[in-house]
Protein chains: 2
Amino acid sequence: MTIDFKQDILAPVATDFAEMDQLINEGISSKVALVMSVSKHVVEAGGKRMRPIMCLLAAHACGETDLKRSQMLAAIIEMLHTATLVHDDVVDESGLRRGKPTANATWNNQTAVLVGDFLISRAFDLLVDLDNMTLLKDFSTGTCEIAEGEVLQLQAQHQPDTDENTYLSIIHGKTSRLFELATEGAAILAGTPQYREPLRRFAGHFGNAFQIIDDILDYTSDAETLGKNIGDDLMEGKPTLPLIAALKNTQGEQHDIIRRSISTGGTSELEQVIDIVHRSGALDYCRSRAQQETDLALQALQALPESPYRQALGNLANMALFRIQ
Amino acid sequence: MTIDFKQDILAPVATDFAEMDQLINEGISSKVALVMSVSKHVVEAGGKRMRPIMCLLAAHACGETDLKRSQMLAAIIEMLHTATLVHDDVVDESGLRRGKPTANATWNNQTAVLVGDFLISRAFDLLVDLDNMTLLKDFSTGTCEIAEGEVLQLQAQHQPDTDENTYLSIIHGKTSRLFELATEGAAILAGTPQYREPLRRFAGHFGNAFQIIDDILDYTSDAETLGKNIGDDLMEGKPTLPLIAALKNTQGEQHDIIRRSISTGGTSELEQVIDIVHRSGALDYCRSRAQQETDLALQALQALPESPYRQALGNLANMALFRIQ
């Protein structure tokens, strides 16, 4: 089965999606011209808007009737996501994201840091307007955990002793947690607390699968097809799952090469590392972990009533897997 | 009259101050070691803690009885302030703040940006626990305005046509707004809405005076006494009030020198600029504006009942003025 993003995932919430886009534009409006032009630039450079789409699908899957509110929540999610991307690009000194110049490259680091701060604040401001303390607490705790996950990733850089548990903590914070907020938040707003836990589990496992797949692609993709360069993670000495698995599966010289590459960073041994990652069965292990996480995500969805929205959430999880098939 | 900071300002809230310090330490605790050590570093590098002290004094001046809550609010204010300093240091590529190495210098830009994000999120998380929607709305709007003020400052950089109104918008956002949140927030928490407006006006005018004084010192202080270098603002092409006033008071070559210095930045004409700023009466004008703002701040305080706390707030406003006397 081939999944078509527009048809099989976006279609059920296409109307909400358009409304949400409008809410984002209103949300980033500011009396300071530079705030607006930078915010507009970074929001428009966004990708598929997977997170807000998940939020909208989750809201409908819970039977939400006040769609204005879930559209606003979806807009808030995308603004938080955009803020983290803007700060990530400063942090990584990136010049391009999805082929477009980043905010730090187009303006400068100062502007990017401060507009990122504005987007975080504005997202909270809109969240407060939704007037729901449970939602606010979920988001305020969640955004702390996201920042902690990102710092944990820095802390693990160049550390070859990083284990799979630490890796899972990192990707939970930096990736899965925002997916969780998107879906769990929708359940809170919809007034269906019984769906919070299953949606959180769905999103958490989906996020893990999504990030593991992304980390696999760093050792298999080519820049042209996915806008990524092979070896970006290795360059920065990031102990991602392919390397953690390779260390587990190897001994002697191969083991030493991987350890050294994590410790020093750089890509002087990239070819050997790629070879070891492929031959040692590390990538097979990563693929099976991504499959497991996807299965767990799909299982969690079963707690929700059958609907085209639940189906679309399942399609999204399956589509992510296709990137490594 | 000489005002002693400890005796005349801090003393009435010394006990709360110690409790607040403890709350900050608990607030920045994290399961990620790097988050904690960086947060601890930047919090400990803090200065006099003027903002939380104002918050505590305002709470008592409103007759607050639940001191645990105002101590928490004061801790939140200091955490927000610390977050902006951490990001400012990244933005300004500063290596030292108050003579101590900054977070970006001690660790790196990545860590500083992300720990700043963590501190903002944690501050909101603690704020949500105070369970007051009015307070949350005030803070979420206020933090947007703070970020907007900082971006407006960047937008005005190298713009010699910046007028005093724009300058006032900048300093309101980057400096006064957090003072306002500190005092207005205390009135909200104390359940004395009648004191919100006077405290907001006190803090707003105090903040303006404080920043105008700071900007004067950039053309009069020396690095040793105040930890500032003469000409830092000029270096960055910041059109602060001394330059805006000098442009108003001059014509011909002197006028051109000031305009050019703002446009290009740098300190190649620093000596002439200092000379023009002094001789043209620009600094006198700035001093009189700082005095005016202080007078307005003190007037606003009169709406609060007489108390040692109100007195201490007045002392704080007067003490700030001494830096230019």
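Reply: What follows starts at the interface and then moves into the chains. The model is predicted, and every value below is computed from it.

The interface joins 38 residues of chain B to 39 residues of chain A. Together the two sides bury about 3800 Å², and carbon and sulfur atoms account for 70% of that area. On the chain B side, the residues that lose the most area to chain A are B:Leu114, B:Met133 and B:Glu148, which together make up 17% of what that side buries.

Polar and charged groups also take part. Between chain B and chain A there are 14 residue pairs in polar contact, and 6 salt bridges cross the interface. In one salt bridge between the chains, the side chain of A:Glu148 meets that of B:Lys31, with an N to O distance of 3.6 Å. The elements of chain B that each give two or more residues to the side touching chain A are α3 (33–44), α5 (67–91), α7 (109–129) and α8 (133–156). Sorted by class, that side of chain B has 19 nonpolar, 10 polar and 9 charged residues.

Over all chains, the count of salt bridges comes to 47. One of them, within chain A, pairs A:Arg49 with A:Glu78, and their closest N and O atoms are 2.8 Å apart. This pair links distant parts of the chain: A:Arg49 sits in the loop between α3 and α4 (50–61), A:Glu78 sits in helix α5, and 29 residues separate them. Both A:Arg49 and A:Glu78 are buried.

In chain B, B:Arg49 is likewise found in the loop between α3 and α4. B:Arg49 counts as buried because its relative accessibility is 10%, under the 20% limit. Its side chain makes a polar contact with the side chain of B:Asp21 at 3.4 Å. Beyond its sequence neighbours within four places, B:Arg49 is in contact with B:Phe17, B:Met20, B:Asp21, B:Val43, B:Glu44 and B:Glu78.

Other salt bridges lie within a single helix. A:Arg287 and A:Asp284 meet at 3.3 Å, N to O; both lie in helix α16 of chain A, 3 residues apart, about one turn of the helix. A:Arg287 is partly exposed, at 30% relative accessibility. In chain B, B:Asp284 and B:Arg287 also meet at 3.3 Å, with B:Asp284 partly exposed at 49% and B:Arg287 partly exposed at 31%. A network of salt bridges in chain A links A:Asp138, A:Glu145, A:Arg177, A:Glu180, A:Glu184, A:Arg196, A:Glu197 and A:Arg200.

Helix α13 of chain A, residues 241–249, is mostly covered, with 7 of its 9 residues buried. Among the buried ones are A:Leu241, A:Pro242 and A:Ile244. The elements covering them include α9 (164–190), α10 (196–217), α14 (252–264) and α16 (282–301) of chain A.

That leaves the cysteines. The structure holds 0 disulfides over all chains. The sulfur of A:Cys55 is 9.9 Å from the closest cysteine sulfur, in A:Cys62, so the two are too far apart for a bond. A:Cys55 is buried, at 0% relative accessible area. In chain B, the cysteine sulfur closest to that of B:Cys62 is in B:Cys55, and that distance of 9.9 Å is again too far for a bond. B:Cys62 counts as buried, at 8% relative accessibility.

Conventions: Residues are numbered from 1 along each chain as its sequence is written. Chains are lettered from A and ligands numbered from 1 in the order in which they are written. This is a predicted model: local features need pLDDT of at least 70, side-chain atom pairs count only at pLDDT 80 or more; totals for chains, interfaces and linings use all residues. Side-chain values use heavy atoms; hydrogens and water are left out. A disulfide is a pair of cysteine sulfur atoms within 2.5 Å. Buried means under 20% relative accessible area, exposed over 50%, partly exposed in between (1.4 Å probe, protein chains only). Contact means heavy atoms within 4.5 Å. Buried area is the accessible area (1.4 Å probe) that two parts lose on being put together, summed over both. A salt bridge is a side-chain nitrogen of Lys or Arg within 4 Å of a carboxyl oxygen of Asp or Glu. A polar contact is a pair of N or O atoms within 3.5 Å; within protein, one must be able to donate a hydrogen and the other to accept it, and residues adjacent in sequence count only if both atoms are side-chain atoms. Helices (H or I, at least four residues) and strands (E, at least two) are DSSP runs, numbered from the N terminus. Ala, Val, Leu, Ile, Met, Phe, Trp, Tyr, Cys and Pro count as nonpolar, Asp, Glu, Lys and Arg as charged, and the others, Gly among them, as polar.
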